[in-house]
Amino acid sequence: MDELKFRRQAYENPNNQDADFLRQVDAKPENPAFVNELKNLDAKLCNALKIGVPEDLADKLILRQQLQQHYKQRRRTGFLVAMAASIAFTVGISFSLFRLGPVDLAKHALAHVYHEDIALHLDQNVDFKQVNARLASLKNFGNAKFTQQPGKVYFTSYCDFQGVKSLHLVLQGEQGKVTLFIVPQEKRMVLDQTFADSQYQGIGFETADAFILLVGEDKSDLNYVKNEIKNIFI
């Protein structure tokens, strides 16, 4: 990898784990400091975009309005901070309008996977009791829970589906990883049984209290996790 390509990839994603990229980091003594500086800048940008608004709606707006621009203008710190402030102002005006519209769950699920790509590279080694504790905090969710460990769980966190607090998990599939979203049911939500884009495939199904969305690169992984979930999620 030449120096120009290395720096371009570093600006695009300083957390890149590609082997060629990592070798280039160690190729020159100044490269580790350069990449660490970009990682720190990336963390500051993410923190700046986490605007405290009702129901965590800023995350949704960032996903909808700023996802593409975020990666193209990573170095323009001042611009992004100003945009975050503008988003906060927009939320105050249009909050009720967003909540009235239908929610395309498939679109939101794919956007979350791209926006929180780091979740696919973490290993929190989550116990199903921790997952159940998070599920218990969700509104209008009844007593839904896992009766046993759903295989390897790498990551768990809350996420926002247009004002609806939901749960984001990353599980081990038959071969690769699968992202799982558990979303409390609302009438305005639209669920597709299958969906896809150029990189990911997805399937969705309902339980008594929730919409379940699975996103991964391989259909066999999705079916594997779906069968596991249906047997132990009540």
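Predicted model: local features only at pLDDT ≥ 70, side-chain atom pairs only at ≥ 80, totals over all residues.

Analyst: What follows goes through the sheet strand by strand, then turns to what covers it.

Local features need pLDDT of at least 70 and side-chain atom pairs count only at pLDDT 80 or more, while totals for chains, interfaces and linings use all residues.

For orientation, the chain's secondary structure comes to eight helices and eight strands; these are DSSP runs numbered from the N terminus, helices being H or I over at least four residues and strands being E over at least two. Of the 234 residues in the chain, 44% are buried, where buried is under 20% relative accessible area, exposed is over 50% and partly exposed is in between (1.4 Å probe, protein chains only). Take the contacts between residues at least 6 apart in sequence: 59% of them join residues at least 24 apart. A contact here is heavy atoms within 4.5 Å.

Now the sheet. It is open, built from six strands in the order S2-S3-S4-S8-S7-S6, with antiparallel pairing. S2 (153–161) and S6 (194–196) are the edge strands, each pairing on one side only. On average, and ignoring direction, neighbouring strands are turned by 20° against each other. Pairing requires that DSSP finds at least two bridges between the strands.

The hairpin that joins S7 to S8 does it through three residues.

Moving along, S3 and S4 run antiparallel and are joined by six bridges, with His-168 opposite Phe-181 in S4. Two helices pack on this sheet. H7 touches S2, S3 and S4, and its direction makes about 165° with that of S3. H8 touches S3, S4, S7 and S8, and its direction makes about 20° with that of S7. These angles run from 0 to 180 degrees between N-to-C directions, the axes being lines fitted to C-alpha atoms, for helices over the stretch in contact.

H7 (128–136) is worth a zoom. Its buried residues are Phe-128, Val-131, Asn-132 and Leu-135. At the start of H7, a side-chain oxygen of Asp-127 reaches to within 2.9 Å of the backbone nitrogen of Lys-129.

What about the nonpolar packing? A nonpolar core means buried Ala, Val, Leu, Ile, Met, Phe, Trp, Tyr and Cys residues joined through side-chain atoms within 4.5 Å. The largest core has 25 residues, and the ones touching the most other members are Leu-135, Phe-146, Leu-169, Leu-180, Ile-182, Leu-214 and Phe-233. Two or more residues come from each of H7, S3, S4, S7 (201–206), S8 and H8 (219–232), with H8 giving the largest share, four residues. Leaving aside residues up to four places away in sequence, Phe-146 touches Phe-128, Val-131, Asn-132, Leu-135, Leu-169, Leu-180, Ile-182, Ile-229, Ile-232 and Phe-233. There is also a second, separate core of 22 residues, including Leu-105, Ala-106, Phe-161 and Phe-181.

The Arg-188 side chain makes a polar contact with the side chain of Glu-186 at 2.6 Å. A polar contact is a pair of N or O atoms within 3.5 Å; within protein, one must be able to donate a hydrogen and the other to accept it, and residues adjacent in sequence count only if both atoms are side-chain atoms.

Key: Residues numbered from 1 in each chain as written. Heavy atoms only, no water.
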